[in-house]
Amino acid sequence: MSVQAAWLMAGLLFGHFLGDFTPLSTARMQEAKAKGGPMGPILAHAAVHGLLVATVVAAIARPAAAAVAGLAVYELATHFLLDAGRARLSLRLPPFRDPARRPFWTLLGLDQFAHALVLVSIVAWLT
């Protein structure tokens, strides 16, 4: 792995942290994800992630503007699908929505792993 790829991966992971675990993920976004809707706040949450990916990619990899935009849309779409899917699954299966139960944490871990794989695919595409 090149030094640039390592910094890009680190930047994307930090951006993911910012988008999921700081005030960039508002209470309304978190509530929508927990309740399985409405979809607007979940989409807004995914858009925050798209903007964070665009910022990191533009700053570190410096590809053409069209590539930055395409990767932002890719992140937005995949983040939305993963989060909306997890929210819907949690609605259908109560053990997945109870933080006191192991299935909740297993699903959260799989969700975060899937998001990380998307970021790995971005780094692979750019390098």
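Mentor: Helices here are DSSP runs of H or I with at least four residues, strands are E runs with at least two, and both are numbered from the N terminus. By that rule Lys-33 is found in helix H2 (residues 27-35). One caution: this is a predicted model, where local features need pLDDT of at least 70 and side-chain atom pairs count only at pLDDT 80 or more, while totals for chains, interfaces and linings use all residues. Residues are numbered from 1 along each chain as its sequence is written, and side-chain values use heavy atoms, leaving out hydrogens and water.

Trainee: OK, Lys-33 then. What makes it count as buried or exposed?

Mentor: Buried means under 20% relative accessible area, exposed over 50%, and partly exposed in between (1.4 Å probe, protein chains only). Lys-33 has 13% relative accessibility, so it counts as buried.

Trainee: And what is Lys-33 in contact with, leaving aside its neighbours within four places in sequence?

Mentor: With contact meaning heavy atoms within 4.5 Å, the partners are Asp-20, Ile-42, His-45, Asp-83 and Ala-87.

Trainee: Why are H2 and H3 called oblique to each other?

Mentor: Angles run from 0 to 180 degrees between N-to-C directions, with axes fitted to C-alpha atoms, for helices over the stretch in contact. Under 35 degrees counts as roughly parallel, over 145 as roughly antiparallel, 65 to 115 as roughly perpendicular, and the rest as oblique. The axes of H2 and H3 cross at roughly 120° and come within 8 Å, so the pair is oblique. Arg-28, Met-29, Ala-32 and Lys-33 in H2 meet Pro-41, Ile-42, Ala-44, His-45 and Val-48 in H3.

Trainee: How do you know how H4 and H5 are oriented?

Mentor: Helix H4 (residues 65-92) and helix H5 (residues 102-126) have axes that come within 11 Å and cross at roughly 165°. That angle makes H4 roughly antiparallel to H5.

Trainee: Which hand does the crossing of H4 with H5 have?

Mentor: A crossing is left-handed if the near helix is turned anticlockwise from the far one by less than a right angle, and right-handed if clockwise. H4 passes H5 in a right-handed crossing, whereas the crossing of H2 and H3 is left-handed.

Trainee: What about H1 and H5, at what angle do they pack?

Mentor: Helix H1 (residues 3-21) and H5 pack at about 145°, with axes 10 Å apart, in a right-handed crossing. By class, their contact has twelve nonpolar, three polar and one charged residues. Ala, Val, Leu, Ile, Met, Phe, Trp, Tyr, Cys and Pro count as nonpolar, Asp, Glu, Lys and Arg as charged, and the others, Gly among them, as polar.

Trainee: What makes phi of Arg-62 worth a look?

Mentor: Most residues other than glycine have a negative phi, and most peptide bonds are trans. Phi of Arg-62 is near 55°, a positive value in a residue other than glycine. Arg-62 sits in the loop between H3 and H4, and its 65% relative accessibility makes it exposed. As for peptide bonds, the one from Gly-37 to Pro-38 is cis, with omega near 5°.
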